[in-house]
Amino acid sequence: MNSDIRVSVNFVQHPKTKKTIRKYGHAAVVSLIALWGFAAQRRPEGNLTGMDVDDIAIAACWDGDEQEFFDMCVEMKWIDVHENGEIHLHGWKEAQGYVINAPARAERSRRAAQARWEKREKKELEQISGDNANSNASSMLNACSTHANGMPEAMRNPENG
């Protein structure tokens, strides 16, 4: 899941942002940013299709009239409503490529981690079953004969007992 979005350093100075503030106040821009954050986490493609006006206002933390917020977003071209009824955040694909590709990056990362674990497990198994196993067996035999010297003959050599 995404934890951030990209916002241009010129966002506040952009004429579209300035017009939004003049017509609808700073709260509209704050709500717009909240909507972007919602989309980054739950709609990474920027596709709001299936959400109604109320859903969008809730996602944006908009306290005013939900239709007013939606209409403002369409009027100011923050949201695009297509002829087929789809609703998209305007310019999202161009501005938020990092967000859009987050699921693919997460999957690549998961596969790479899995490959590292499998490689580590294989290496550990090779160490246990390879030459190391033979040297462990030899050292155990040596340890047994060393310690066996202090044992009674019957315990050292059960065939003679």
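Is R110 buried, exposed or partly exposed? R110 counts as partly exposed, because its relative accessibility is 47%. On that scale, buried means under 20% relative accessible area, exposed means over 50%, and partly exposed lies in between, with a 1.4 Å probe and protein chains only.

Some ground rules. This is a predicted model, where local features need pLDDT of at least 70, side-chain atom pairs count only at pLDDT 80 or more, and totals for chains, interfaces and linings use all residues. Residues are numbered from 1 along each chain as its sequence is written, and side-chain values use heavy atoms, leaving out hydrogens and water.

Now the fold. The chain has nine helices and two strands. Those are DSSP runs numbered from the N terminus: helices are H or I with at least four residues, strands are E with at least two. From the N terminus, the order is α-α-α-α-β-β-α-α-α-α-α. The chain has 161 residues, and 24% of them count as buried.

Next, the core. A nonpolar core is a set of buried Ala, Val, Leu, Ile, Met, Phe, Trp, Tyr and Cys residues, joined through side-chain atoms within 4.5 Å. The largest one here has 29 residues. The residues with the most contacts inside it are L35, L48, I56, F69, W78, I79 and L89. Helix 2 (26-42), helix 3, helix 4, strand 2 (87-89) and helix 6 (97-100) each give two or more residues to this core. Helix 2 has the largest share, eight residues.

On to salt bridges. Side chains of opposite charge can pair when their charged atoms come close. The cut-off here is a side-chain nitrogen of Lys or Arg within 4 Å of a carboxyl oxygen of Asp or Glu. The structure holds two such bridges.

Take K23 and E75. Their side chains meet at 2.4 Å, N to O. This pair links distant parts of the chain. K23 is in helix 1 (residues 15-24), E75 is in helix 4, and they are 52 residues apart. K23 counts as exposed, at 52% relative accessibility. E75 counts as partly exposed, at 37%.

Back to R110. Its salt bridge partner is E107, with the closest N and O atoms 2.7 Å apart. Both sit in helix 7 (residues 102-129). They are three residues apart, so about one helical turn separates them. E107 is partly exposed too, with a relative accessible area of 32%.

Now the surface. D52, D54, D55, D65, E66, E68 and D71 form a negative patch. Patch residues have over 30% relative accessible area and no salt bridge, and like charges are joined within 9 Å. Helix 3 (53-59) and helix 4 (66-75) each give two or more residues to the patch. Helix 4 gives the most, with three residues. D55 has its place in helix 3. Its relative accessibility is 33%, so D55 counts as partly exposed.

Last, two backbone points. Which residue has a phi near 60 degrees? That is C61, a residue other than glycine with a positive value. C61 lies in the loop between helix 3 and helix 4. C61 counts as exposed, at 54% relative accessibility. K77 also has a positive phi, near 65 degrees, and is likewise not a glycine. K77 is in the loop between helix 4 and strand 1 (79-81).

Terms used. Patch = residues over 30% accessible without salt bridge, like charges linked within 9 Å, V, L, I, M, F, W, Y side chains within 5 Å. Areas by Shrake-Rupley, 256 points an atom, 1.4 Å probe, with all protein chains shown as cover. Lys, Arg positive; Asp, Glu negative; His and termini not counted. Charge placed at Lys NZ, Arg CZ, Asp CG, Glu CD.
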